[in-house]
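Colleague: I have a fold to read and I would like to go feature by feature. Shall we put it up and start with strand pairing?

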Amino acid sequence: MNRRDFLKATSLAAMAPSFGLSAQTLSTSSQFRLEAAVIEQALTPYPEYKASSLWTYNGGLPGPELRVRQGELMQAELVNRLPEPTTIHWHGIRLSNGMDGVSMLTQPPVEPGARFQYVFSPPDAGTYWYHSHAKTWQQMARGLYGPLIVEGPDEPVVDHDLVCMIDDWRLNAEGQLDEASFGRLHDWAHGGRLGNWLTVNGESNPQRPVKPGSRVRLRLINAANARIFRLQLAAPAVQYALDGYRTPLTSVQDIELAPAQRVDLIIDLTAEPFPLTEVSTGEPYPACSLVPDAALGTATAAKVTLTDPTPESLPNLDTAKRLPLHMQGGAMGNLTEASLDGVMRPIRELAREYQKVWAFNGVVGNMKNRLADLRLGDTAIIEIWNDTRWPHAMHLHGFHFWVRDPETGTVSASRRDTHLMHAGERAELIFVADNPGLWLLHCHMLEHHAAGMGTVIQVS
Ligand code: C2O
Ligand code: CU
């Protein structure tokens, strides 16, 4: 056992069990097994409500917290014990295309009873996550997701490093996952499937004991199908990273987190509880709390002043390829017709017969579309115009992009993998196409993607 492994083993032992997550599955060899299967579990604490049939990894909601070191070889075997085909996508990880886990694009889906071995070395430290990428709008809404934490060589010293995977569920009158409303066209054409019940790490308003006065790193992950969470913190915290990327240190108290986005916070606690409240519905909804508990001992992490990351500059844009992307459709939208599989069809027919209501550049998304065919090493600017009445969380697989406001020229302080576009907004997503393959670009409001908001960028 070398020094690194020893440090890893001791830091793991010292790490308190996380927020109701199942035991950490980090092993020295970083080999993981993720068994996707159906479990029965209650989503509310009320005994009069029945359990729901959830689809999870390794029997837990969320799936196990995978922790690896930056650049380390990681192997994860998916074992499919579900009644339908599935895959795993490693959201935000830059990896080789064949490991990206997009069913019908980068791999055939893994059939029930079959297995698939994912092998890659995460090149960037930060907060990532994994989720099903087959019939995602339904499989993720049933629970197929988990956190993936990549640790860099110089992480800030904290007393607690905690993950909060936030999800909203649509429960029926019996308090069970409302399966009857899966695929409802109304959701697909509006804001997506929004829930009426909130969980953090699969629990309702978990109270996480922490050392009084401790320094906490809180990694928030939005695992909802469609809801943009608005979280209010009990007191200002330091924003440390977005989508895994270090950001200049800023003080935040109100956080907007779109589907698939992550934010890392550094919080210096007092002896008081530190609740997080979700307010996207207009009604405050308790999400979770950090609760100082003297029984855990004294905090030791020094409250050192953190330093800003070295700023990254934009790549040279002189020869950049411009990729216009006009987003259209949805309720109250202006899309009258669009092309599906090469045939122009009126929107009514698309909606009624194909459940398609959104388009990019007049084309209803499917895995055969190509927004662009880039050469390896090209710099590209995706010029997005959200010409709909809805917000969309645009996610590009395989790359991290800068976001530039075309009107002001302002560039995001850090790169992202998911950008929230408000209705009417225009943005430029700038990236270097340094990884060959077929990369999905889609709205992470999963019903929107299923209903047409997706395309593919080819890099060769
Ligand atoms: Cu988080 Cu296409 O995925
Ligand atoms: Cu969308």
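Colleague: How many bridges join S25 to strand S27 (residues 426-432)?

Modeller: Strands here are DSSP runs (E, at least two residues; helices are H or I, at least four), numbered from the N terminus. Two strands pair if DSSP finds at least two bridges between them. S25 and S27 are joined by three bridges and run antiparallel. Within that pairing, Val 403 stands opposite Leu 429 of S27. Before we go on: this is a predicted model, where local features need pLDDT of at least 70, side-chain atom pairs count only at pLDDT 80 or more, and totals for chains, interfaces and linings use all residues. Residues are numbered from 1 along each chain as its sequence is written, chains are lettered from A and ligands numbered from 1 in the order in which they are written, and side-chain values use heavy atoms, with hydrogens and water left out.

Colleague: Which sheet holds S25, and in what order do the strands come?

Modeller: The order is S21-S18-S23-S27-S25, an open sheet of five strands with mixed pairing. Its edge strands are S21 (358-360) and S25 (402-404), each pairing on one side only. The twist averages 20° from one strand to the next. For such angles, axes are lines fitted to C-alpha atoms (for helices, over the stretch in contact), and the angle runs from 0 to 180 degrees between N-to-C directions.

Colleague: What is the strand order in the sheet that holds S22 and S26?

Modeller: That one reads S22-S29-S28-S24-S26, with five strands, open and mixed. S22 (372-374) and S26 (418-421) are the edges, and each pairs on one side only. S24 and S26 are antiparallel, over four bridges. His 392 has Met 421 as its bridge partner in S26.

Colleague: How do I read the side chains along a strand?

Modeller: In a regular strand, side chains alternate between the two faces of the sheet. Take S5 (residues 88-91): Ile 88 and Trp 90 point one way, His 89 and His 91 the other, and all are buried. Buried means under 20% relative accessible area, exposed over 50%, partly exposed in between (1.4 Å probe, protein chains only). S5 pairs with S7 (residues 126-132) in the antiparallel sense, over four bridges. There, His 89 has His 131 as its partner.

Colleague: Now a loop. Is Thr 388 buried or exposed?

Modeller: Thr 388 counts as buried because its relative accessible area is 6%. The residue sits in the loop between S23 (379-386) and S24 (392-396). Polar contacts are N or O pairs within 3.5 Å; within protein, one atom must be able to donate a hydrogen and the other to accept it, and residues adjacent in sequence count only if both atoms are side-chain atoms. The side chains of Thr 388 and Asn 386 make one at 2.7 Å. The Thr 388 side chain also reaches the backbone nitrogen of Trp 390 at 3.1 Å. Contact means heavy atoms within 4.5 Å. Leaving out residues up to four places away in sequence, Thr 388 touches residues including Met 327, Trp 358 and Ala 423.

Colleague: And how does Val 279 count?

Modeller: Val 279 is partly exposed, at 22% relative accessibility. Its loop lies between S16 (274-278) and S17 (285-292). The C-alpha atoms of Val 279 and Phe 229 are 7.4 Å apart, though 50 residues separate them along the chain.
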